[in-house]
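The structure is shown first.

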Number of protein chains: 2
Amino acid sequence: MGRDATKQAEEPDQVPAPAPAKLAADPASGDIASGNQRPATIYDVAREAGVSHQTVTRVLKDYPSIRPHTRERVLEALERLDYRPNLTARSLTTGRSHRIGALTHELQQFGPSSVAQGAAAQARESGYLLDIVSLDMSDVAEIEQALDLLHQHDLAGVLALSSNDEMTEAFGRARFRVPAYIATEEDEPFSAHPSELTTVGFPALVNHLAELGHREFLHVAGPEAWMAARNRARAYTSALEARGLHSAGTIHGDWSARSGYEAIAGLGRDIPATAIVAANDQTALGVLRALHERGLKVPEDVSVTGVDDIPDAAYFTPPLTTLQVDFETQGRNAVQQLLSLMNHSTAPETTTLPSRLVVRRSTGPAARR
Amino acid sequence: MGRDATKQAEEPDQVPAPAPAKLAADPASGDIASGNQRPATIYDVAREAGVSHQTVTRVLKDYPSIRPHTRERVLEALERLDYRPNLTARSLTTGRSHRIGALTHELQQFGPSSVAQGAAAQARESGYLLDIVSLDMSDVAEIEQALDLLHQHDLAGVLALSSNDEMTEAFGRARFRVPAYIATEEDEPFSAHPSELTTVGFPALVNHLAELGHREFLHVAGPEAWMAARNRARAYTSALEARGLHSAGTIHGDWSARSGYEAIAGLGRDIPATAIVAANDQTALGVLRALHERGLKVPEDVSVTGVDDIPDAAYFTPPLTTLQVDFETQGRNAVQQLLSLMNHSTAPETTTLPSRLVVRRSTGPAARR
DNA sequence: TATCCTAATGTTACCGGCAACATTTGGGGC
DNA sequence: GCCCCAAATGTTGCCGGTAACATTAGGATA
């Protein structure tokens with residue numbers, strides 16, 4: 001991989017570290033006004049307000065029976081000392097933390113990182129922090145080791161943001177002491193309802209292609225061990241069947257442009273389809289490249305579609321027709337599901353934006369063969 | 001460290017519907033074999049071994065003076081009860097946690113997410129967990145709110161993984177109680193050493209273009225508020241100057257393909273350069289698209305280069321000449337720097353792979369104008 | 001005004017580890 | 001065999017909250 005880097009440091013009040021560069025941290029030394037060295041505890045507040053620490057707790061939790069006068073004083077003390085609860089201490093007694101562990105894979109990819117982004121945002125809004133552990137999902141042992149690590153950290157729940165069979169297996173084996181949830185794009189049996197891609201996306205995509213006259217399709221899928229890949233492949237197939245069309249085949253790739261390229265490069269002299277449906281936009285990019293090198297024009301000779309609608313897709317050559325996927329909402333939903341498990345409440349009806357078909361220039365009338 | 005892994009792409013999943021996917025909460029049955037309901041504490045272990053809890057602690061920390069016989073028994077008890085330290089409790093007393101807060105932006109972008117990935121991996125290998133907070137960096141108030149949240153969570157340190165001026169400002173204002181470190185690609189004054197891009201990458205890139213006969217260059221940069229964008233722009237300029245060449249201008253974009261497209265689309269009838277140096281590959285993709293729509297051929301009419309070497313770059317039309325950037329190592333280094341700050345040890349000499357020039361087909365001999 | 005009862009507030013214990021200090025060993029020197 | 005001291009191990013207290021239980025205070029009642 002490449003390289004390059006830079007960095008620079010910064011530093012706190014008390015750390016006499018050797019920091020090379022310097023970033024303003026604490027210009028002055030004697031902080032009188034704001035920062036007291038150690039953060040205030042409920043005991044400090046109690047002393048300040050002239051009450052017991054328990055009363056402070058009660059005020060903090062809006063306990064009903066507290067005399068207005070007392071509450072007033074406590075609130076003032078809280079304000080004056082700029083009290084912030086120590087979440088660590090709280091977790092220790094309550095046994096509940098406010099952190100959610102999230103396992104993910106290949107964070108560089110647009111999908112997973114978008115899901116993570118959404119999950120992190122939702123977690124934050126719900127008062128949680130998301131601990132992200134990115135790992136090599138092909139190694140069950142590594143996944144289990146990661147789960148073990150998460151356990152020690154006393155999390156409120158564990159989330160699997162992107163998942164393949166290994167992850168499912170590791171999750172199945174793990175003996176969680178906290179709620180755990182696997183977010184997946186797969187339909188049954190993992191999800192009560194079929195995914196938007198299955199119900200809306202692929203049918204719309206196939207419809208679009210069929211109306212352009214295409215009758216022969218080829219699918220370049222993701223890795224078989226991935227639930228999302230299987231699901232998309234299945235959605236592809238069933239959408240074709242629903243229209244009485246037939247797939248000329250499915251080639252498994254690994255979501256990358258390279259694998260899309262190789263899938264097409266590996267075909268014989270003739271391409272057995274007029275439309276190539278890639279499982280994601282990256283793969284489609286590789287397909288476009290391979291077709292270009294074969295001297296085939298898109299969409300005049302072959303139509304190509306992707307899934308995801310990554311920002312770059314609109315700038316491919318040609319711009320890619322694809323299915324939008326709302327990753328961010330997926331991430332948010334996953335967190336909400338987990339939170340509902342944690343609260344033993346019924347799972348909220350999550351809604352995802354429908355998987356919309358975005359038609360660009362990579363699809364056109366089927367070529368006469 | 002860096003496993004190079006050419007990646008196999010991957011991709012997330014979508015949680016379309018509510019459907020409690022799979023969850024494993026403790027079946028709450030009688031776990032006999034492995035999992036005891038509550039995890040064992042040092043007190044449990046002490047009882048099991050017939051010693052005091054403090055002796056257990058000593059064994060755990062390899063305290064010197066412990067009779068072999070005693071140690072033996074404690075070790076056995078630890079094993080038997082499958083003891084795992086409760087990190088929360090430990091943090092409470094020691095005042096040090098094993099979590100690092102990381103602020104980042106636009107996690108969907110390849111650069112930031114790769115940095116995050118590397119940082120997460122390094123953190124894990126060092127026994128830490130990375131708490132990622134992804135936020136809108138343009139809002140100083142939001143950054144400060146996030147920092148506040150992080151503070152409550154009692155972290156061992158705080159890291160800014162991708163940074164612009166707002167982030168710097170917020171960091172400067174924040175009164176950290178723990179070490180904090182800003183990872184950035186910028187050279188002085190933020191980094192002791194100039195970045196690899198400045199010393200190696202851009203000179204090599206400009207050299208390559210100059211040898212192809214290019215004399216007129218255009219730079220499509222990242223957003224001005226981003227340190228990395230400024231740094232790359234500066235590296236570009238100084239590399240040109242070093243060869244006595246001159247830049248025809250710098251247009252600021254926002255790292256996206258769209259901004260690359262608009263930068264070129266917004267130019268007048270003539271493009272004032274034979275080589276366009278984009279600040280990153282995405283921007284370059286947009287540039288390629290815009291040139292294509294103008295009927296200009298790459299590299300026959302104009303040469304285009306990027307920076308980052310994202311996996312897709314090799315499949316652009318045409319495949320992109322670019323500078324490799326080792327984001328993962330950047331992330332790892334940032335964590336190491338932070339850890340050294342935390343330990344009051346001298347900052348480790350971090351090494352990054354040099355920024356290598358990857359020549360593909362988007363650059364060629366300068367067109368006669 | 002004495003009595004009760006509940007509202008209001010205070011005290012104690014505990015979560016699980018760690019550290020300071022206290023106490024018990026055991027082996028060498030005499 | 002006795003003493004002594006360092007080695008080996010034990011006890012106590014504390015980190016900052018929360019919860020259970022205890023106590024006090026004040027108004028209503030008699």
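## The surface near DNA strand C

In this predicted model, helix α4(B) gives the most to the surface near DNA strand C, contributing five residues. At least two residues each come from α2 (53-60) and α4 (87-94) of chain A, and likewise from α1 (42-49), α2 (53-60) and α4 (87-94) of chain B.

In total, 29 residues surround DNA strand C, and the closest are A:Thr55, A:Arg58, A:Ser65, A:Thr70 and B:Thr93. By residue class, this surface divides into 14 polar, nine nonpolar and six charged residues.

Of the atoms of DNA strand C that lie within 4 Å of the protein, 58% belong to sugar or phosphate, while the rest belong to bases. For B:Arg90, a side-chain N or O atom is 2.7 Å from a phosphate oxygen of DNA strand C.

## The nonpolar core

The largest nonpolar core has 130 residues, and those with the most contacts inside it are A:Phe202, A:Ile276, B:Phe202, B:Ile276 and B:Val304. Helix α12 (residues 327-342) of chain B gives the most to this core, with seven residues. In soluble globular proteins, nonpolar side chains tend to be buried together.

Leaving aside neighbours within four places in sequence, B:Val304 is in contact with several residues, among them B:Ile276, B:Ala284, B:Val287, B:Leu288 and B:Leu291, and also including B:Thr321, B:Ser362 and B:Thr363.

Technical notes:
Residues are numbered from 1 along each chain as its sequence is written. Chains are lettered from A and ligands numbered from 1 in the order in which they are written. This is a predicted model: local features need pLDDT of at least 70, side-chain atom pairs count only at pLDDT 80 or more; totals for chains, interfaces and linings use all residues. Side-chain values use heavy atoms; hydrogens and water are left out. A residue is near a molecule or strand if one of its heavy atoms lies within 4 Å of it. A polar contact is a pair of N or O atoms within 3.5 Å; within protein, one must be able to donate a hydrogen and the other to accept it, and residues adjacent in sequence count only if both atoms are side-chain atoms. Helices (H or I, at least four residues) and strands (E, at least two) are DSSP runs, numbered from the N terminus. Ala, Val, Leu, Ile, Met, Phe, Trp, Tyr, Cys and Pro count as nonpolar, Asp, Glu, Lys and Arg as charged, and the others, Gly among them, as polar. A nonpolar core is a set of buried Ala, Val, Leu, Ile, Met, Phe, Trp, Tyr and Cys residues joined through side-chain atoms within 4.5 Å. Buried means under 20% relative accessible area, exposed over 50%, partly exposed in between (1.4 Å probe, protein chains only). Contact means heavy atoms within 4.5 Å.
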